[in-house]
Protein chains: 2
Amino acid sequence: MTPVNGAWHLAARPAGIPQDSDFEWREGSAPAPADGQVLVRVEWLSIDPTNRVWMNDADSYMPKLELGSVMRGIAIGRVEESRYKGLAPGDAVQGLLGWQKYAVVNGASVTKLPSLPLPLSAHFGLLGHIGLTAYFGLTDIGKPKVGETLVVSAAAGAVGSLVVQLGKIMQLRVVGIAGGPEKCSRVVEEFGADACIDYKSEDLREALRRNCPSGIDIDFENVGGRVMEVVLERINLRARVVLCGMVSQYNAQRPEGVRGIERILVQRARMEGFIVSDYLPRAAEALKQMIDWHLAGRLKYKLDVVDGLEYAPQALRRLFEGTNQGKVVVRVSEE
Amino acid sequence: MTPVNGAWHLAARPAGIPQDSDFEWREGSAPAPADGQVLVRVEWLSIDPTNRVWMNDADSYMPKLELGSVMRGIAIGRVEESRYKGLAPGDAVQGLLGWQKYAVVNGASVTKLPSLPLPLSAHFGLLGHIGLTAYFGLTDIGKPKVGETLVVSAAAGAVGSLVVQLGKIMQLRVVGIAGGPEKCSRVVEEFGADACIDYKSEDLREALRRNCPSGIDIDFENVGGRVMEVVLERINLRARVVLCGMVSQYNAQRPEGVRGIERILVQRARMEGFIVSDYLPRAAEALKQMIDWHLAGRLKYKLDVVDGLEYAPQALRRLFEGTNQGKVVVRVSEE
């Protein structure tokens, strides 16, 4: 029995925020796995800002996606049929399964997920690429020291909300930046930031001055653009700018320049980009700690669950409209 | 006998390139040194792009200069009178002696220069802040590996021309960027770069593609602005951007933003600022090597000597007009 597949394909390169017409829904039989491959039923699809970058007509840290291809996406699913010796039916796996109900992929290209005392979706909210990005970005690039001041942009977002909590665990002063009073109150009440600035209603420069009286030692940058420029104005000597994302620029036809790079020079600061995949060999050290902290109630995650793969394009759009409440995941089928 | 002093004072904050009216020449008796101070006859004044930054109404890595003060500048001179036990008449010293013929400064604030088989002015052309900036910027921030590609902007300049040569000593492919055919031919013929791009007449993007076929591993950045943006487009995975100067922006009323910071993220690159004074404790290791290389004919320096302190304002202007031929120094009095 070959299952019926349904998939979102890249129909057009978006100009600005992706529109429905940039995607095309196609159905058909899932192919049978060839030797070395597995057939996976997708359960959870992760919706990430970087998905937008992949739609552009330019290579990034991955090759660009060709028009007509199944939309690229990180997903979790169950192996239904295996012709790869390392995986058996029923195994949970994570990888670039794409925006589709069933994926046929090389067994070696996916990661078998361990059995944990947590729902599978925790691999997107707490662990996986989101958790490792937060953990290694803060520890390895940010190199925090007790008592330093950490600013986190998009602090209510998937990565940001973990970084806020990790910052508190590491005994930093943590100041979030988020859009709107609801997000800001969650960043403080739920995630424990010392303060959170609503960039939509507050004067960011003045608010940073008030909330970072000793300047900024670490900027965990998820946003870029004007927010980043104002943060750079207050960085301290030898500050670290953890370049994790520049979501404000992903839909720009022509990205804006960043003013204030002179501050990096004058403050002998360091700005460094990183990609979570570089840290996969060291994943175990992070995951053990993060699971322990989570089970001890010190590290929470919040999922914004969208039910049904048909809503994936809208789900991606919400990231850029800022209307999501936590990490956006699409439930493609039941766990 | 108190000598007659003459000094340039900061008369106005420049808007753009400094004008003659931004400086005021004043004469008077040099004060007698107080306890712990020395009277120094200035011999060589170093003219540096950073002088311009000090004239602004904003602190940088040093406090801003107050209006009416003697213009700040790095200079070399001879002690004429000493009330500081570490220095005696006849000693050569270097420090922030200012744009003046005689300086009275705390003995502890200047560095006694060792006797070398080189003229005193070599402390500005080869050694001192220029040499240490080139050496530590390239080695400590750039972390070069044999065979990598190094791009140096302002490659015919004081720091740039040393970086080009150090890059060749360290077995890198070195591509300079400079303004005009004369400078470019000097960068290749005298300083040994593999190529030099004339950004004034060539298409920089196309020329970088041609001359850096394997991409760019290190950008030794002296210029900033548009030149830097085009260089960033070609940086390799884990490239290092050595943020040494952004001379294109020093006269701007409102500095331009730098586009392409996204490349730092995607390429997991590192951009880092540094200030030579941070490396003073490690100066000896650099100076010994650089003197050896110089005496072996492998590391040349070129001085552009301006005779007479009265021409110091024009000398500074030439840096921004790009008409200087090598490291600009003012001969204030005979060695």
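pLDDT is the predictor's confidence in each residue, from 0 to 100.

**View 1. Confidence of the predicted model.** This structure is a predicted model. Chain A has an average pLDDT of 94. In chain A, 100% of the residues reach a score of at least 70. For the model, ipTM is 0.84 and pTM is 0.88.

**View 2. The contact between chains A and B.** On chain A, 25 residues are in contact with 25 residues of chain B. Two elements of chain A, α8 (261–266) and β13 (270–273), each supply at least two residues of the side that touches chain B. The largest share of that side, 5 residues, is from α8(A). Sorted by class, the side of chain A that touches chain B holds 13 nonpolar, 7 charged and 5 polar residues.

**View 3. Strand pairing across the two chains.** β13(A) pairs with strand β13 (residues 270–273) of chain B. The pairing is antiparallel and runs over 3 bridges. Here A:R270 stands opposite B:E272 of β13(B).

**View 4. The two faces of helix α5 in chain B.** Helix α5 spans residues 181–189 of chain B. Its buried residues include B:K183, B:C184, B:R186 and B:V187. Viewed down the axis of α5(B), the buried residues fall within an arc of 160°, so they line one face of the helix. An α-helix has 3.6 residues a turn, so residues three or four places apart point the same way. Exposed residues B:P181, B:E182 and B:E189 sit on the face of α5(B) turned away from the buried side.

**View 5. What the buried side of α5(B) packs against.** The partners of the buried residues of α5(B) belong to chain B: α4 (158–169), β9 (173–178) and β10 (195–198).

Conventions:
Residues are numbered from 1 along each chain as its sequence is written. Chains are lettered from A and ligands numbered from 1 in the order in which they are written. This is a predicted model: local features need pLDDT of at least 70, side-chain atom pairs count only at pLDDT 80 or more; totals for chains, interfaces and linings use all residues. Two residues are in contact if their C-beta atoms, placed from the backbone, lie within 7 Å. Helices (H or I, at least four residues) and strands (E, at least two) are DSSP runs, numbered from the N terminus. Ala, Val, Leu, Ile, Met, Phe, Trp, Tyr, Cys and Pro count as nonpolar, Asp, Glu, Lys and Arg as charged, and the others, Gly among them, as polar. Two strands pair if DSSP finds at least two bridges between them. A residue is buried if 20 or more other C-beta atoms lie within 10 Å of its own, exposed if 12 or fewer, and partly exposed in between; C-beta atoms are placed from the backbone. The arc is that of the directions from the helix axis to the C-beta atoms.
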